[in-house]
Amino acid sequence: AKNTISIGTNFAILIKSPKCSEKSAKKAYEYIYKSRVKINTPVCFMDFYGDIERIDSIISDKSCFLSINGNGQVNFPSLCNKSTEYNILNSTIEEILSSAVD
């Protein structure tokens with residue numbers, strides 16, 4: 001965070017590495033949240049996955065967030081970060097989305 005502030009940026013989106021532990025991810029999300037509501041910082045930080053899941057839970061009854069990794073593998077993070085059998089390279093969007101509502 002200090003490096004981001006020192007380069008003079010106003011907005012930063014942080015994306016959790018697959019190697020990041022849940023404990024570290026939770027601490028980072030807490031820091032990011034506090035930086036927006038309590039700490040006077042010149043940078044608006046966003047936790048890409050954490051904030052999207054939080055917004056999703058506010059506006060939706062069920063989670064609507066899915067991710068596609070670099071190999072085309074489709075994941076639904078709300079399902080405990082479990083991979084699905086779907087791959088964007090060999091499945092249609094309709095198949096993928098209909099599996100999410102089943």
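**Reading a predicted model, feature by feature**

Mentor: From the N terminus on, the elements run α-β-α-β-α-β-β-β-α. Keep in mind that this is a predicted model.

Trainee: How many helices and strands does the protein have?

Mentor: Four helices and five strands.

Trainee: What share of the residues is buried?

Mentor: Of the 102 residues, 25% are buried. The protein exposes about 7,600 Å². Carbon and sulfur atoms supply 56% of that area.

Trainee: How do I read contacts along the chain?

Mentor: Start with contacts between residues at least 6 apart in sequence. Of these, 34% join residues at least 24 apart.

Trainee: Now salt bridges. How many does a search of the whole structure find?

Mentor: Two. Look for a side-chain nitrogen of Lys or Arg within 4 Å of a carboxyl oxygen of Asp or Glu. The side chains of Arg36 and Asp51 meet this way, at 2.8 Å from N to O. That pair links distant parts of the chain, 15 residues apart. Arg36 sits in helix α2 (residues 22-37), and Asp51 in helix α3 (residues 48-59).

Trainee: Is Asp51 buried or exposed?

Mentor: Buried means under 20% relative accessible area. Asp51 has 6%, so Asp51 counts as buried.

Trainee: How do I describe a pair of aromatic rings?

Mentor: Use the distance of the centres and the angle of the planes. The count here is two aromatic pairs. In one of them, the ring centres of Phe48 and Tyr49 are 5.1 Å apart. Their planes stand at 85°, so the pair is edge-to-face; the cut-off for that is over 60 degrees. Phe48 is partly exposed at 27% relative accessibility. Tyr49 is partly exposed too, at 26%.

Trainee: Which residues form a nonpolar patch on the surface?

Mentor: Phe11, Ile13 and Ile15. Together they have about 310 Å² of accessible area. Ile13 lies in strand β1 (residues 11-14). At 46% relative accessibility, Ile13 is partly exposed.

How values were computed:
Residues are numbered from 1 along each chain as its sequence is written. This is a predicted model: local features need pLDDT of at least 70, side-chain atom pairs count only at pLDDT 80 or more; totals for chains, interfaces and linings use all residues. Side-chain values use heavy atoms; hydrogens and water are left out. Patches are made of residues with over 30% relative accessible area and no salt bridge: like charges are joined within 9 Å, nonpolar side chains (Val, Leu, Ile, Met, Phe, Trp, Tyr) within 5 Å. Accessible areas come from the Shrake-Rupley method with a 1.4 Å probe; for residues, only the protein chains shown count as cover. Helices (H or I, at least four residues) and strands (E, at least two) are DSSP runs, numbered from the N terminus. Buried means under 20% relative accessible area, exposed over 50%, partly exposed in between (1.4 Å probe, protein chains only). Rings of Phe, Tyr and Trp (its six-membered ring) pair if their centres lie within 6.5 Å; planes under 30 degrees apart count as stacked, over 60 as edge-to-face and the rest as tilted. Contact means heavy atoms within 4.5 Å.
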